[in-house]
Amino acid sequence: MESQDVPHWIALLQPIADDEWIIAHRGSEWLGLAPDLEEDLAFSSINQDKMGHAQYYYALLEELGEKTPEDMVYGRSKEQWRHAVVLETAHGDWARLVALRYFYEVFDALRLERLSTASWQPLQDGVRKIRREEAYHLQHFTTWFEMLATGTEESRHRLREAIADLWPLLGGLFLWGPSEHFLTAIGLDSLRGSELQRSWETHVAEKMRSMDLPWPGALSSPVLDGRLGEHSPDMHDLLQVMTEVRRSEPAAHW
Amino acid sequence: MALNAAEYRVYEVFVQRDASQFHVNVGSLRAVNSEMALQMARETFFRREEPCEVWVVPQDCIVASPRDSAYLPVHTMDKQYRLPAGYDNAPRWKRFKAKAMTIEEVAEEMATHKQGGA
């Protein structure tokens, strides 16, 4: 890798690593609360997969000169995180979780598909393995999404409420920070936000049409752009909980 | 979300570990439909292995025998004579399978063994 490309790869990987970590952390907070025992097992193992993916990206970032994975997760202030704001939001009901995970898994699958052509070999190797697990995650939440959409009047109502609640925040997933020029520099133009969003809308619109769910309209730019370090008060609460044990004894070796 | 236990079915989970083996029951789980049962089976039982095939079978589709002698065999007579016994080639066979011996070496060792009268 050319040294002038290092900042480009960091700009690429940090939002992806943070997305995966934060969605996994929020997911882990459902432990013991999922609708049934089987889902509790399945969902926690999915979240563990995602933490593993984040760890892989953080390890690559460390190779590029960033902090250690531990410091990335436990040692950063709110403004230093680059995930999309929708992923940090406080919990609603299970329907909201299902909608969020379905929308995210579709987005992540499209992002990984394009990432698999990356010219940096260690990244390409990791993405190949990660995609095998992510296929299960997408399958799982597609099934849940369909079940709620076609289940009872209540499940369908809750799903529609959840979609309406999430929709204004989803645009934040497709942003890359101050500029997307770095994507051209490393040959990954296919990851441009507008490209990803077009594919995502095609896929999700088709699913929603088949489930007879109304399309809520074009995605808007979010009020807070997590890719620029802008985060909601929910992220403050999340960090307080996530780093609580670590902060109790910062010098301890885990 | 209000859950109605009656909407769930119990599925028995069977795994075939490779194409040469029978499907073996590994446990059961509850799921709302067979698609979900297959996904849950993967997450519950097969996180650390790569099975050849997985079956999920609704438990209420299984016909179980009553627990009485009309259906379950009881062996009152001595049927020892039916059982193959008295062979002690297992260690040799094991070594042969581990490629520690050729078939000729096994034959030779057996011949020597007999001559020695052990």
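So, salt bridges: between chain A and chain B there are three, where a salt bridge is a side-chain nitrogen of Lys or Arg within 4 Å of a carboxyl oxygen of Asp or Glu. B:Glu50 makes a salt bridge with A:Arg132, and their closest N and O atoms are 4.0 Å apart.

Before I go on, the ground rules. This is a predicted model, with local features needing pLDDT of at least 70 and side-chain atom pairs counting only at pLDDT 80 or more, while totals for chains, interfaces and linings use all residues. Residues are numbered from 1 along each chain as its sequence is written, chains are lettered from A and ligands numbered from 1 in the order in which they are written, and side-chain values use heavy atoms, with hydrogens and water left out.

Back to the interface. Chain A puts 19 residues into the contact and chain B puts in 16 residues; contact here means heavy atoms within 4.5 Å. About 1600 Å² is buried between the two chains, and carbon and sulfur atoms give 56% of that. That area is the accessible area, with a 1.4 Å probe, that two parts lose on being put together, summed over both. There's also a charge over a ring across the chains: the charged end of B:Arg42 sits over the ring of A:Tyr136, 3.7 Å from its centre. Within chain B, B:Arg30 does this over B:Tyr8, at 5.0 Å from the ring centre. The rule is NZ of Lys or CZ of Arg within 6 Å of the ring centre and within 35 degrees of the ring normal.

As for burial, A:Trp176 and A:Phe182 are both buried, with buried being under 20% relative accessible area, exposed over 50% and partly exposed in between (1.4 Å probe, protein chains only). And why does A:Asp108 count as buried? Because its relative accessibility is 2%. Leaving aside neighbours within four places in sequence, A:Asp108 touches A:Glu20, A:Lys50 and A:Glu134.
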